[in-house]
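This report concerns salt bridges and their setting in the structure shown below.

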2 protein chains.
Amino acid sequence: MKTIGVGILGLGTVGGGVIDIINRHKDKMRDHAGVDLVVTRAADLNTERFAQLGLTSQQATTDAFDVVNDPSVDIVVELIGGIGIARELVHAAIAAGKPVITANKALLASHGAELFEAADAKGVDLRFEASVGGGIPVLEPLTHSLTGNEILSVLGIVNGTTNYMLSRMTEAGLSFDEALVEAQDLGYAEADPSADVDGLDAAAKIAILASLAFNSRVTLADVPAEGIRKLAPTDIEYAREIGYAVKLLAIARKHAHGIDVRVHPTMIPADHQLASVDGVYNAVYLTGDFVGDLMFFGEGAGAGAAASAVVGDLVEAARALQSGNKVIGCTCTDNLPILPLDVLETRYYVRLLLADKAGVIEQVGKVFARYNVSLQSLKQRGCAQKGMAEFIFVTHKTIEADMQSVLADIINLDVVGEVASMLRVEDLD
Amino acid sequence: MKTIGVGILGLGTVGGGVIDIINRHKDKMRDHAGVDLVVTRAADLNTERFAQLGLTSQQATTDAFDVVNDPSVDIVVELIGGIGIARELVHAAIAAGKPVITANKALLASHGAELFEAADAKGVDLRFEASVGGGIPVLEPLTHSLTGNEILSVLGIVNGTTNYMLSRMTEAGLSFDEALVEAQDLGYAEADPSADVDGLDAAAKIAILASLAFNSRVTLADVPAEGIRKLAPTDIEYAREIGYAVKLLAIARKHAHGIDVRVHPTMIPADHQLASVDGVYNAVYLTGDFVGDLMFFGEGAGAGAAASAVVGDLVEAARALQSGNKVIGCTCTDNLPILPLDVLETRYYVRLLLADKAGVIEQVGKVFARYNVSLQSLKQRGCAQKGMAEFIFVTHKTIEADMQSVLADIINLDVVGEVASMLRVEDLD
């Protein structure tokens, strides 16, 4: 059995995890999976990592292109991230005919089309299981076991940071700021948390999932994303009272006229499988026309989980390489249109601060009626602010554009102090 | 693109589902997965199925060997079931160099070794995703995405019939008999329900899962199986009171000295992900040394779900066939010993009917002490039977052999009316 040389770009926690797996399970992978992986070259700017990971000076380099160009490297693992140098390196590897494994969701969600085109042209494997859902195998099943289905929808809790924060806001009544500090203390959130809390990380992931699920090309720019900054513990509490949990849900649905894709805090039924996915766990909930409902659940982050996904891809690429098997690439060729958020039809939860006097409900109600938005329920709540009362409105199914018109008009009413929050309600039935 | 001829053995609901998928998604699979599947031949003893499924007299036959031997058949789908003629047919297909897709858990769990040996010798694909968990992709991830892990345990709710019955016994307090009648009325249980309710179906499935997870050979005969016939709604209710749910759990764990594998009703923590898997749904919960905990959830039965799994395998086999890719077969070569149930260490719940008089607890307690089985809790309950009292004993972790000794001795005490039930308690931590 010929050894397969692995070159690693970026020796952060995931890169370290990949080396750890290969060190620990090299024999097992040779005996069970039939591939003998050897890390022949690895690059990082932080030279302290080399000794920490037991890399010799022959193996280690600070120039990632050394790795790509090294003849001892058969497969390139890109773990640098971002869409700058990583993009150049992936292109260089493909051009050199070397399979690429990457966890780079931003790169795939922004430049997937050009990368897959290049890989297809060269007949080179490009794999990216680790880019979505950490260690959870979901891209592999989507493109293999589930090919007999038309996938109808993909719902994901795909950002562990925000899911942890929402769990803490739910169970301990923490504010957004308190939950963020706690997540940062535990290493679940970065110093600059915006990619997570503003929904951009989840948007990149649902773009990748939707592309594979619907065999079309969905990019990060196609995904309207709203994060959890504006969410108050009050909203989570009210949601619970009416039987809902609040999750930062990444949603992709195939409709007759195109793809509905978006990320926003969402009220989902408390007894739905996704509602019990708490803490840093991730889950992807798929519906296919034959298979019905499926859920894949697991650790969405962490060095071990992501490294597991990278090595799973490495083994597949190595198997194909050494058996001379042809690569069956990504086929996102359907060019389905992306539906604008405006045409979305769902239910809405709106929390308003209104002047505490007679006739306010009538005035607000008139605005809802003006755009044919029909109310399912209306509840008054106490309010700390003097002279104001807090009201919760929940609508029947309505069109997003109409709801936005309602909100735009309502804020101009004298009796309205604030549109404190607006959440979309998905009954998932 | 060359068409790939599919031959189907057995036109029950799953066979019908496979034809339905191919009819509906033929173009989609050609465009997206790159394979053009055509059902060229199909066999069933019930000739009425031919017209129902739109098969011509050229396609249809009552002799399954006609299908295997037909030169227009490139891949054979075995959906007859059982270990009689199905075994011969699978061997014949392999001998003819034709890939086989099967949903036959009994055949794989009993004769897997000989079939995989034959398939490996011929370099022929043998796939069986539909044999476990219906449409849930779990065998594919185990043998591909997760190859970088040492799998430590596999826990499955893999029998939809019993899970439905337990759900109804839990939520509506039905007895075993009532739940069975209801399941039969709904088509979830067969007229002879023993394969399901006695745990044999689940045992075959965990044998297959354990073989792939641990790269060893686990057969149906290796799996001690206990069903749910003796379970009373009382037990489920008591379990709930102390924070547990009762599930028919298929368990496989890798220990230093071998594999612990078994099927029995099990008390699991009510807040564990598996506890919320209700009704006919199935789930497989895996733990790997790098990936951590994963759960795969979905429809465990039903024509559409099983057909989805069969077609997923068909597409993979067809891709390999037309690209001339080499088959990477099953590697269950580790020959790990199977641990006897006797050495199992877990907690136990025991419900005893004892004479309602002073000193009984002391007498019973002495027997527990005799075998060093230490009690975690002890509760008296009311009892309908005159002069008797019902007691619930929950032990700390102890050895199965010791627990069995306790039970054997206890039943001989004059004060003991009945060992009404014994359940194993798994804390899954």
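Does B:Asp201 count as buried or exposed? At 10% relative accessibility, B:Asp201 counts as buried, where buried means under 20% relative accessible area, exposed over 50% and partly exposed in between, with a 1.4 Å probe and protein chains only.

This is a predicted model, in which local features need pLDDT of at least 70 and side-chain atom pairs count only at pLDDT 80 or more, while totals for chains, interfaces and linings use all residues. Residues are numbered from 1 along each chain as its sequence is written, chains are lettered from A and ligands numbered from 1 in the order in which they are written, and side-chain values use heavy atoms, with hydrogens and water left out.

Over all chains, 54 salt bridges are found (a side-chain nitrogen of Lys or Arg within 4 Å of a carboxyl oxygen of Asp or Glu). The table lists some of them.

| Salt bridge | N to O distance |
|---|---|
| A:Arg168 and A:Glu171 | 2.9 Å |
| A:Arg168 and A:Glu182 | 2.5 Å |
| B:Asp201 and B:Lys105 | 3.4 Å |

Helices are DSSP runs of H or I with at least four residues, numbered from the N terminus. B:Lys105 is partly exposed, at 26% relative accessibility.

In chain A, A:Arg168 and A:Glu171 are three residues apart in helix α7 (residues 160-172) and are therefore separated by about one helical turn. A:Glu171 is exposed, at 56% relative accessibility. A:Arg168 also forms a salt bridge with A:Glu182; this pair links distant parts of the chain, with A:Glu182 in helix α8 (residues 176-185) of chain A, 14 residues apart from A:Arg168.

A network of salt bridges links A:Arg253, A:Asp260, A:Arg262 and A:Glu426.

How values were computed. Helices (H or I, at least four residues) and strands (E, at least two) are DSSP runs, numbered from the N terminus.
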